[in-house]
Amino acid sequence: MPLDAMPLKELLERFRSEDTAHTLRALGLATSGTKSQRMTHVLAATEGRTVSDILALFRTEDLHRVCVQLGVDTGPHGDMVEGLAQEAETKEGQSAPDAPEPEIGWPYRLRRLWIVAGIAVLIYRGYRAIRRSRRNT
């Protein structure tokens, strides 16, 4: 699975900042920065690895916390890694739900009203011009 898949990023966002810092420390990298910067560093350092390989870098208690949040079965470290990896793959396979229609604001409605009014005026002028030309003939 490609690392730029949105579900992996969403999954990594479930981990606490300290969890990401611990993973960076285990990789021998600097742990400074915000949570999102740390997550970006983890993704950059693990480029080319599978989701399971990336998740395996996290501590068992960190994985357990995220498994509980997502309702994934907990157990040994490897089982939690596989369960979370499957969760990420399942989310990636699902299509995004249809976004609700945005509510049309009053400026747009006013603009449409002006367009309709303008068309009505043109139709009326055309009708009036036809009536006049029929009277004159």
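Which helix does Ala21 lie in? Ala21 lies in helix α2, and the points below start from the whole chain and then come back to that helix.

1. **Ground rules.** This is a predicted model, in which local features need pLDDT of at least 70 and side-chain atom pairs count only at pLDDT 80 or more, while totals for chains, interfaces and linings use all residues. Residues are numbered from 1 along each chain as its sequence is written, and side-chain values use heavy atoms, with hydrogens and water left out.

2. **The whole chain.** The protein chain has seven helices and zero strands, and reading along the sequence gives the pattern α-α-α-α-α-α-α. Here helices (H or I, at least four residues) and strands (E, at least two) are DSSP runs, numbered from the N terminus. Of the 137 residues in the protein chain, 25% are buried. Buried means under 20% relative accessible area, exposed means over 50%, and partly exposed is in between (1.4 Å probe, protein chains only). A contact means heavy atoms within 4.5 Å. Among contacts in the protein chain with a separation of 6 or more, 52% come from residues 24 or more positions apart.

3. **Helix α2 and Ala21.** Back to our opening residue. The buried residues of α2 are Asp19, Thr20, Ala21, Thr23 and Leu24, and what covers them includes α3 and α5. Ala21 counts as buried because its relative accessibility is 4%. Not counting residues up to four places away in sequence, Ala21 touches Thr31 and Arg38. Just after α2, Gly28 takes a positive phi of about 80°.

4. Thr23 lies in helix α2, which spans residues 17–26. Is Thr23 buried or exposed? Thr23 is buried, with a relative accessible area of 1%. Leaving aside neighbours within four places in sequence, Thr23 is in contact with Val42, Leu57 and Phe58.

5. **Helix α3.** The buried residues of α3 are Arg38, Met39, Val42 and Leu43. Seen down the axis of α3, these buried residues fall within an arc of 140°, so they line one face of the helix. The arc is that of the directions from the helix axis to the C-beta atoms.

6. **Helix α5.** In α5 (residues 60–70), the buried residues are Asp62, Leu63, Val66, Cys67 and Leu70. They cover an arc of only 135° around the axis, which puts them on the same side of α5. Asp62 is worth a look: at 0% relative accessibility, Asp62 counts as buried. Leaving aside neighbours within four places in sequence, Asp62 is in contact with Phe15, Arg16 and Asp19. After α5 comes Gly71, whose phi is positive, near 75°.

7. **An aromatic pair.** Rings of Phe, Tyr and Trp (its six-membered ring) pair if their centres lie within 6.5 Å; planes under 30 degrees apart count as stacked, over 60 as edge-to-face and the rest as tilted. By this rule the count comes to one aromatic pair. Phe15 and Phe58 form that pair, and it is stacked, at 4.0 Å centre to centre with 15° between the planes. Phe15 lies in the loop between α1 (6–13) and α2 and Phe58 in the loop between α4 and α5, so the pair ties together parts that are 43 residues apart in sequence. Phe15 counts as buried at 0% relative accessibility, and Phe58 counts as buried at 2%.

8. **A cavity.** On a 1 Å grid over the protein atoms alone, a cavity is a set of points where a 1.4 Å probe fits but cannot get out, and lining residues have an atom within 4 Å of a point. Grid points are joined across faces, edges and corners, and a volume is the space filled by probe spheres set on the points. The structure holds one cavity of 30 Å³ or more. Its lining consists of Leu12, Thr20, Met39, Val42 and Phe58.

9. **A loop residue.** Finally, Thr50 is in the loop between α3 (35–45) and α4 (51–55). Thr50 is partly exposed, with a relative accessible area of 40%. Thr50 and Ala85 are 35 residues apart in sequence and 8.9 Å apart in space, C-alpha to C-alpha.

Key. 1 Å grid on protein atoms, 1.4 Å probe; cavity = no way out; pocket = protein on both sides within 12 Å on 5 of 7 lines; lining within 4 Å.
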